[in-house]
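Subject: A structure for you to explore

Hi there,

Here is the structure I promised to hand over. Have a look at it first, and then read on for a tour of what turned up in it.

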Amino acid sequence: MAQKTLLKGRVLSFTGSPFDGEPTEATRLDEAVVIEHGRITEIGTIDALRKAHPDAVTKDHGSRLIMAGFVDPHVHYPQTAMIASWGKRLIDWLNTYTFPEEMKFGDFDYAAEIANRYLDLTTAHGTTTMCSFCTIHPESVDAFFTAAQQRGQRVVAGKTCMDRNAPEGLRDTAQTAYDQSAALLEKWHRVDRLSYAITPRFSPTSTPEQLEAMGALWAEHPHCLMQTHLSEQTDEIEWVRSLFPDARDYLDTYEKFGLLGQNGLYGHVIHLEDRERDRLREVDASLIHCPTSNTFIGSGLFDMNGLIHDGHRIGLATDTGGGSSFSMLRTMAAAYEIGQLRGRPLHPAQLLWLGTVGSARSLRMDDCIGNITPGMEADLVVIDLASTPAIAQREAHAEDVWEAIFPTIMMGDDRAVAEVWIGGRQAA
């Protein structure tokens, strides 16, 4: 019989979107949560749950915050070793740092080393699910899924496809991209907690023939996610215009090849034209905000308020290693800062929702992860709201739970992560 566990603390869950009305009205605080058979079975008061589950093993976390594990919907695990590389904008950064590192991932052993390192680092920061670009090498996909499977982790990943404007060792073809992606999809998709994402890197590194092949594969497997990049930097957009002179805009380079749809994940989306915003909303695609990356590489300021107000589906992501941190807490802090620069700072409830429910929604997985409600998979993080002297002295003066949480969002790191549960088991 599986062990039943009762976690006691300040259990935070969401009953709606904190972007609709008063942010705190979309939240719920309980005293305890029960985990059994890898799922959340009940939340409520500690006295009621102890009475109902006398056989449960209790772990008392005092005033610590217990919430859903963080969900990161746009990462590049192969860039782990070269995160925080100095001083380049997107195209030069790819050529100088990213592509040389990604060349190494045809070696399964090296890919496995980095995959395990990445999952160790992100677990230490409280991230339990992520959607990752791999490299063009099938070995990079196999290594990542194998590492995640061994940990019982829910992840999404896909072979990155590129057949131009990249070094020779990082180019495939339209046909090999299709064949290898199809084989990897067949091998891994929906095995245990794994999901495959069709992954053209972005329009500048794929010929029209390859984009057409990826669109055809997606049409054959519409239940799969498709991930790519869109409108990250202004010089990138000019490059796309030069490569696709007949396209109406950047999004059209995907749309005309069948790469615009409900299960699409579009990273960055900073410099969108009106038509692009309208079409993305019409198909209910997911827009992924990567604030630390957008500032680190100098891309621009995401229009969170405008896009949320218009009804877009939005996730929050680290974009490691263009993003400068593995921490979703640091990512939330950057999103807050960008909101300030945009004139609309985000409430702590909105930031936590974006990093959990919102990101799970972007992956179409909010029915199983991203929140603490009965029936959901038990991916949880326990947050110490007084993890450093600087945070503790501020938290001591908090007048409510949100004042207690906000200093950890702004100043917290992996020291704030007291415990992580993945699939109902405590992570090592």
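Let me begin with a term you will need throughout: two strands pair if DSSP finds at least two bridges between them. Helices (H or I, at least four residues) and strands (E, at least two) are themselves DSSP runs, numbered from the N terminus. With that in hand, you can find Lys-8 standing opposite Asp-60 in β4.

Two notes on the source. The model is predicted, with local features needing pLDDT of at least 70 and side-chain atom pairs counting only at pLDDT 80 or more, while totals for chains, interfaces and linings use all residues. Residues are numbered from 1 along each chain as its sequence is written, and side-chain values use heavy atoms, with hydrogens and water left out.

**The whole chain**

The protein chain has 15 helices and 16 strands. Its C-alpha trace spans about 65 × 50 × 40 Å along the principal axes. Of the 428 residues, 62% count as buried. Here buried means under 20% relative accessible area, exposed means over 50%, and partly exposed is in between (1.4 Å probe, protein chains only). Contact means heavy atoms within 4.5 Å. Among contacts between residues at least 6 apart in sequence, 75% join residues at least 24 apart.

**The open sheet**

Strands of a sheet pair through backbone hydrogen bonds, either parallel or antiparallel. In what order do the 7 strands of the open sheet lie? The order is β3-β2-β1-β4-β14-β15-β16, and the pairing is mixed. At the edges stand β3 (39-44) and β16 (425-426), each with a single partner strand, so one side of each has no neighbour in the sheet. Helix α15 (residues 401-411) packs on this sheet and touches β1 (5-14), β2 (27-36), β4 (57-68) and β14; its direction makes about 95° with that of β1. For that angle, axes are lines fitted to C-alpha atoms (for helices over the stretch in contact), and angles run from 0 to 180 degrees between N-to-C directions.

β1 runs parallel to β4, joined by 6 bridges, and antiparallel to β2, joined by 8 bridges. Leu-6 stands opposite Val-34 in β2. β1 is also mostly covered, with 8 of its 10 residues buried. Further along the sheet, β14 (residues 380-383) and β15 (residues 417-422) pair in the antiparallel sense over 4 bridges, and Val-381 stands opposite Val-420 in β15.

Strand β5 (residues 70-76) is largely enclosed by the rest of the structure, because 7 of its 7 residues are buried. β5 pairs with β6 (residues 127-133) in the parallel sense over 5 bridges, and His-76 stands opposite Phe-133 in β6.

In the loop between β5 and α2 (90-102) you will find Thr-80. Is Thr-80 buried or exposed? Thr-80 counts as buried, at 7% relative accessibility. Leaving aside neighbours within four places in sequence, Thr-80 is in contact with Ile-114, Arg-117, Tyr-118, Leu-121 and Phe-326.

**Salt bridges**

Side chains of opposite charge can pair when their charged atoms come close. How many salt bridges does a search of the whole structure find? The search finds 32, a salt bridge being a side-chain nitrogen of Lys or Arg within 4 Å of a carboxyl oxygen of Asp or Glu.

One of them joins Glu-377 and Arg-154, with the closest N and O atoms 2.8 Å apart. Glu-377 lies in the loop between α13 (348-362) and β14, and Arg-154 in the loop between α4 (138-150) and β7 (155-158), so the pair ties together parts that are 223 residues apart in sequence. Both residues, Glu-377 and Arg-154, are buried.

Arg-313 and Asp-284 meet in another salt bridge (2.9 Å, N to O). Arg-313 counts as buried at 11% relative accessibility, whereas Asp-284 counts as partly exposed at 21%.

Finally, a network of salt bridges links Arg-248, Asp-249, Asp-252, Glu-255, Arg-275, Arg-279 and Glu-282.

Enjoy exploring!
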